[in-house]
Amino acid sequence: MNRTILIAVILAAIAVPLAADEVSSPSFFIERIEVRNATRVSPDVVISESALRAGREYSEAELRDGANRLSRLPFLLSADFSLERGTERGRHVLVITISETKPFFFLLDGRVILGESYIGSPNDDSLANGQEAVLGFRWFVGRRGAIHVGLFGADDDRDYTASYSAFGVGYTRYDLFGTRAFVTLNLKKPFGNANGGGELSPQIVAGIPLSINQTLTLDYDETRFDTREREYFELGTVEEGFTQRILSARWSYNTTNRPFVPTSGTIVSVTPVAVWADRKGVIYERGADDRIRPSRLTSDAKSLGIDASAKRYWELSERDSVSAGVAGGWATTDERRNIGDISYDSTFAVIHAGYSHSLWDRARQKDGDSRFEFDVRAARRSRERSVFLERNNDVLQISGAWVRRSSYGTLRIGLGYAW
Amino acid sequence: MVTRAAWLIVLIAAAAFAHAQSRPAFTVQPGGVVAATLPPSVLQDPGVRKQLGSGLTTTFLVVARQREAGILSGARLEIRYDLWDEVWLVRKIEFDRREERQRITSREALEKWWRAPLRLLATGRERVSLQIDLNVLPFSAAEEEDARQWISKSGGVGTGGAGNAGFVEALIGTTISARPITTFKWNVALSLKEP
């Protein structure tokens, strides 16, 4: 870290004032964008996701950001940019040479944390936005579409949402109405969850690029779990059911170089969230005599919250990288219940630092990565009211993992301890 | 037998020549200025050749660390092939901010420019041990304007004067966006004493 900062200071010393000159800050009129090496991925999708357009002039910085943006796509391993002459003097063809992943894909976060497990924060510690495990297949259809099917486990680790596993099928439309936005429609059927199986439920995700580095992602995720009856010793037969609807709008600024395990760049995000949860079943509460008793419950909860996080990655060498980040969030929940309404707040704050070392050199990293990573984090979480007890956790966690990224997907296995 | 010995000598000489060609040569200029002549083999590296032919800028960041004093210094070279004018546009910024720009019309002239001594540091010491890192970056090292503005607006390190702006420029140019194509490292001990 010190070395990087020192190098930056030295480079500042040899930096000269920025000027619009032809060597250091050139701009290029791009008359056409051509994608090469595309066998399964639609070239139109690649062009759309680069956020670059033919018929415009771009600086090298903008082209570099476009290349980084493509490198973060889960279905590309790499994207190299080069220029060729266009039809007239001063016009250029931007050639994007890609390396694709396989149509079959997986994402498995198999890290085991022993001890105190209550440390995660929304989307902060998982491989990709709360997705702990994904197994699926992706086909590109037409010029701007892709169909996917698969199994996935969603665990955003919020206090006021429920995790679930589901089978899903979906369609993504890229470059919607020529705007570079995309929309994904998922139909998912939950299975094997604590809340039981579920009914076919929709999820709609819309990504709107605000600039090459900034994206607004709107997500509506509805999950309807099956209604079922269960026998309770004290209460007899109780009907249980659960439905949750999560609406979020995530603004992100992202200059990282990879989709799942970045080694350089910055990612900042702010996510307002609204959650509606309807539950029927049993709740255990502590009475005035300090005994815990079950009660039949009908609850209609509404939560409003906001999460924010900032992470930065620095490459120290072609194999070594360090990272640091902070995250925090707040939410308030109002629950209307048959046994009395309640309101409570949830907060969390996390600070973390990491180091990773690749077993592969830079040339080989074009085809993926094999990397050890180590992470230290401290978290404070609190929730004013919980089912069994007041929770106010200050937790430290240390973990180590091996991450393997290939054209098939990303696997993380490792071990950690929290106390 | 004689033929074999001759071949052996030729092979050893070729290996020694190749080794010499893969390392920078150093000269000491008046004022204790250390200059490096970068090896032509850098330009022959497959990744570097590919980037040089891309029509986009290739940036060579040379960082020299004086091991005893822990002092860092460096220089920067930028090369871009203009597809329409068919010339190499080059820029050299040395440790004391001395800047030079040229339009070079042939690959041979480019390699000649590349072999010109690059002034890396000035020192008053009689001996210096240097670690030289050469990072080859795709695209220009000039920082991305909106990232700089964004950091400045967010209250980051770039809110101050020109010094801070330079710091942000270097930081962004080297740590946010520029993932090196390749990196070369050399260690060298130099005697600066007059013979």
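Guide: In this predicted model, helix α2 (residues 43-50) of chain A packs with helix α3 (residues 60-71) of chain A, at an angle of about 120° and with the axes 8 Å apart.

Visitor: Why is α2(A) called oblique to α3(A)?

Guide: The angle is about 120°. Roughly perpendicular covers 65 to 115 degrees and roughly antiparallel begins over 145, so an angle between those ranges counts as oblique. That makes α2(A) oblique to α3(A). The crossing of α2(A) past α3(A) is right-handed.

Visitor: Which residues meet where α2(A) and α3(A) touch?

Guide: From α2(A) come V46(A), E49(A) and S50(A), and they meet G66(A), R69(A) and L70(A) of α3(A). The residues of this contact are two nonpolar, two polar and two charged.

Visitor: What makes α2(A) mostly covered?

Guide: Six of the eight residues in α2(A) are buried. These are V45(A), V46(A), I47(A), S48(A), E49(A) and S50(A). Just after the helix, A51(A) has a positive phi of about 65°.

Visitor: What does V46(A) touch, leaving out residues up to four places away in sequence?

Guide: Its partners are V35(A), A38(A), V41(A), L70(A), I96(A) and I98(A). V46(A) is also among the residues that touch the most other members of the largest nonpolar core, which has 61 residues; L94(A) and, from chain B, V62(B), A64(B) and L120(B) are others in that group. Strand β8 (residues 127-138) of chain B gives this core its largest share, six residues. There is also a second, separate core of eight residues, including V134(A), A162(A), A166(A) and F225(A).

Visitor: How do you know whether L61(B) is buried or exposed?

Guide: Count its neighbours: L61(B) has 25 C-beta neighbours inside 10 Å. A residue needs 20 or more to be called buried, so L61(B) counts as buried. L61(B) sits in strand β3 (residues 58-66) of chain B. Its C-alpha atom is 6.2 Å from that of A75(B), 14 residues apart along the chain.

Visitor: And why is T256(A) called buried?

Guide: T256(A) lies in the loop between β13 (236-254) and β14 (265-286) of chain A. With 24 C-beta neighbours inside 10 Å, T256(A) counts as buried, because the cut-off is 20 or more. Beyond residues up to four places away in sequence, T256(A) touches R72(A), P262(A), S264(A), G265(A), I267(A) and Y313(A). T227(A), 29 residues apart from T256(A) in sequence, is 43 Å apart in space, C-alpha to C-alpha.

Notes
Residues numbered from 1 in each chain as written. Chains lettered and ligands numbered in written order. Predicted model: local features only at pLDDT ≥ 70, side-chain atom pairs only at ≥ 80, totals over all residues. Axes fitted to C-alpha atoms, helices over the stretch in contact; angles between N-to-C directions. Helix = DSSP H or I, 4+ residues; strand = E, 2+ residues; numbered from the N terminus. Parallel < 35°, antiparallel > 145°, perpendicular 65-115°, else oblique. Left-handed = near helix turned anticlockwise from the far one by under 90°. Contact = placed C-beta atoms within 7 Å. Nonpolar A, V, L, I, M, F, W, Y, C, P; charged D, E, K, R; others polar. Buried ≥ 20, exposed ≤ 12 C-beta atoms within 10 Å, placed from the backbone. Core = buried A, V, L, I, M, F, W, Y, C linked by C-beta atoms within 7 Å.
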